[in-house]
Amino acid sequence: MSVDEAILWERLARSRRAPLEPSWLEESYSSSLSADLRQALCEKLGSLAANGWPIIMRLMQQHGEQKELVLAAGLCHQREARDWLLHRLNEPSHLDDDHLCVLQALSCWGADVPDSVLLTCLRHPGMQHRQIGLQLISFRAHTLTDQELLALCSDLLDDCRDPIVISTIRVLQRRDGGAISHRLAALCMSNSEVIADAAFRALGCIATSTSQELLVELSESVDDPKRRKLAHRELNQQFRT
């Protein structure tokens, strides 16, 4: 770490007691700084909201669309910044990494992001794109019916990668509808032990009469003793609480 970077880190560390001036952040940023320091400076810029957006734009004009500056555009949560990000997303010349960075920045907008962006994420085969799609679903889940939510999550639940399926289960377990409980019960029979474990836990978290009935059925019908044990574990947890 250079002496200059050490000074910048020290000033950032004191920012709670001595708030940073927007002009200081603008003057301190350089694309030649270490990645962690650039990110820290840009997170501060994003937290400035309306005061940060013009600075972010000026820095992008000077240094190019660095990843940390694009992400700061999402963090500042200004409508002009959102519109700029949507415009960048629609430019076909973007490399996949650039496309992903813009989507990450837009994910800060939650339910205010157009449905087309959500579908772009969910239909993309990449893991990071699908994880961003799950973030966006989480923001708008309260506006969706159980059937709509299940339809959006359908491909994700069939994904061959355990982390995607488990993240999707965690989104679904916040709902207590019968259709969702039945879909989770089906996942308890997955070939993947970690997915099955997550699905059993999700049924336990839902804690409705339907989820309890499904756990009882699973505890009596599955052949695998480990999975019967998982079903009993979740049932016992509910009765203890």
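Reader: Which residues are buried in α11?

Author: Keep in mind that this is a predicted model. Helix α11 covers residues 162-172, and it's mostly covered, with eight of its eleven residues buried. Those buried in α11 are Ile 164, Val 165, Ile 166, Ser 167, Thr 168, Ile 169, Val 171 and Leu 172.

Reader: What covers the buried residues of α11?

Author: Buried here means under 20% relative accessible area. Several helices do the covering for α11, including α9 (127-140), α10 (146-157), α12 (178-187) and α13.

Reader: Why do the buried residues of α10 line one face of the helix?

Author: In α10, the buried residues are Leu 149, Leu 150, Cys 153, Leu 156 and Leu 157. Look down the axis of α10 and they line one face, because they fall within an arc of 105°.

Reader: And which residues are exposed on the other side of α10?

Author: The buried side of α10 has cover that includes α8 (115-123), α9, α11 and α12. Over on the other side, the exposed residues are Gln 147 and Ala 151.

Reader: Which residues touch the most other members of the largest nonpolar core?

Author: That core has 73 residues. Its largest share, seven residues, comes from helix α13 (residues 193-206). The ones touching the most other members are Ile 169 and Leu 184.

Reader: Which residues does Leu 184 touch, not counting those up to four places away in sequence?

Author: Nonpolar side chains tend to be buried together in soluble globular proteins. Leaving out residues up to four places away in sequence, Leu 184 touches Ile 169, Leu 172, Ala 199, Ala 202, Leu 203 and Ile 206.

Technical notes:
Residues numbered from 1 in each chain as written. Predicted model: local features only at pLDDT ≥ 70, side-chain atom pairs only at ≥ 80, totals over all residues. Heavy atoms only, no water. Core = buried A, V, L, I, M, F, W, Y, C linked by side-chain atoms within 4.5 Å. Buried < 20%, exposed > 50% of the residue type's maximum accessible area, 1.4 Å probe, protein only. Helix = DSSP H or I, 4+ residues; strand = E, 2+ residues; numbered from the N terminus. Contact = heavy atoms within 4.5 Å. Arc of directions from axis to C-beta.
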